[in-house]
Amino acid sequence: MSDARPDPDQTPEPPHDAAAAAGARLPGLNGGIARAVRAGADGEELTAQGVFAAIGGVRGLLEAIVPSLIFVVLFVITKDARLSALVPGALALLLVLVRLVRRETIVSALSGMLGVGVAVIITLITGRGVDYFLSGFVVNIAWGLGLLISILIGWPAVGLLIGMLDGDMRGWRKHTRVRRTALWLTVMWLGLFVARLAVQLPMYLSERVEALGVARIVMGVPLFAVIIVATWFAVQRLRSSSDDSNGEKGVISGENTPSM
């Protein structure tokens, strides 16, 4: 048998911390709320580029704003809900074809069209302009209920994300500061979805299509980005204070505290 051993220079280095490892294992942690928590826990510097990536980059920005903007502009001009919905629907279909030509996965290609597709179908069926935004209410209600339930059962969603990144789903609950921060960050995210519903539902019920479209855009990416920044900053501060005290370091940074 050969006594040859692997060349240390050729041996892949393990991730420096559990947050980086979790990000590699779970691509879903690279966007939105999860991306903000991961970046803060990993000590990543808060930058405009990082926040832009967290909201989905150019693709996420276009998919979040352009379809609604096109619909509102066309509806103001034509007052025809079905025609106004068909144009963003056609654009979404075109983008799917472009992604398929670029050999992106089917899931990636269809994900961007799903929300617009549902909105277009509902509008074509009902013929009402406000119904273009109906599916958005379902999404906000679903997120709101999920976050509320996580709070009520004592396992706030942000805490679960911290535990997932750390590789210990229960460890974060042992530290008061981490538990309290996770709770208030989860409440803040819940407030985002509640605020959207509180402002936009009355517009929907009174069939104020133009106002609802503007509210959807303003309370979409811009407000989402503000919450992303707040989450990133809070988790980063939590990590910094943990590094200083060394008491909660394993929970926030993913590094195990050395035992003596």
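Predicted model: local features only at pLDDT ≥ 70, side-chain atom pairs only at ≥ 80, totals over all residues.

Colleague: Fine, so how many helices and strands does the chain have?

Modeller: The chain has 12 helices and 0 strands, so read from the N terminus its elements run α-α-α-α-α-α-α-α-α-α-α-α, with helices and strands taken as DSSP runs.

Colleague: And what share of the residues counts as buried?

Modeller: Of the 260 residues in the chain, 42% count as buried. If you look at contacts with a separation of 6 or more, 67% of them are between residues 24 or more positions apart.

Colleague: Which residues have the most contacts inside the largest nonpolar core?

Modeller: Those are Val37, Val158, Trp189 and Ile228, in a core of 32 residues. At least two residues of this core come from each of helix H2 (32-41), helix H3 (48-54), helix H7 (134-152), helix H8 (157-166), helix H9 (176-205) and helix H11 (221-245), and the largest share, 8 residues, is supplied by H11.

Colleague: Staying with valine 37, what does it touch?

Modeller: Leaving aside residues up to four places away in sequence, valine 37 touches Val158, Leu161, Ile162, Leu165, Thr231 and Val235.

Colleague: Changing topic, how much space lies in the largest pocket, and which residues are closest to its centre?

Modeller: The largest pocket holds about 1,200 Å³ of space. It is lined by 34 residues, of which Gly60, Glu63, Ala64, Val139 and Arg196 are the closest to the centre.

Colleague: Which element gives the most to that lining?

Modeller: That is H4, with 7 residues. The elements that give two or more residues to the lining are H2, helix H4 (57-78), helix H6 (106-126), H7, H9, helix H10 (209-218) and H11.

Colleague: How does the lining divide by class?

Modeller: The lining of the largest pocket has 18 nonpolar, 12 polar and 4 charged residues.

Colleague: On to charges, then: how many salt bridges does a search of the whole structure find?

Modeller: The search finds 4 salt bridges. In one of them arginine 35 pairs with glutamate 44, and their closest N and O atoms are 2.8 Å apart.

Colleague: Is arginine 35 buried or exposed, and what about glutamate 44?

Modeller: Arginine 35 has a relative accessible area of 8%, so it counts as buried, the cut-off being under 20%. Glutamate 44, at a relative accessible area of 27%, is partly exposed.

Colleague: Which salt bridges does arginine 128 form?

Modeller: Arginine 128 meets aspartate 131 in a salt bridge of 3.1 Å, N to O, and it also forms a salt bridge with glutamate 207, where the closest N and O atoms are 2.9 Å apart. The pair with glutamate 207 links distant parts of the chain, 79 residues apart, since glutamate 207 is in the loop between H9 and H10 and arginine 128 is in the loop between H6 and H7.

Colleague: How accessible are aspartate 131, arginine 128 and glutamate 207?

Modeller: Aspartate 131 counts as buried at 3% relative accessibility, whereas arginine 128 at 30% and glutamate 207 at 46% both count as partly exposed. Through shared partners, salt bridges join Arg128, Asp131 and Glu207 into one network.

Methods. Residues numbered from 1 in each chain as written. Heavy atoms only, no water. Core = buried A, V, L, I, M, F, W, Y, C linked by side-chain atoms within 4.5 Å. Buried < 20%, exposed > 50% of the residue type's maximum accessible area, 1.4 Å probe, protein only. Helix = DSSP H or I, 4+ residues; strand = E, 2+ residues; numbered from the N terminus. Contact = heavy atoms within 4.5 Å. 1 Å grid on protein atoms, 1.4 Å probe; cavity = no way out; pocket = protein on both sides within 12 Å on 5 of 7 lines; lining within 4 Å. Points joined across faces, edges and corners; volume = space filled by probe spheres on them. Nonpolar A, V, L, I, M, F, W, Y, C, P; charged D, E, K, R; others polar. Salt bridge = Lys/Arg side-chain N within 4 Å of Asp/Glu carboxyl O.
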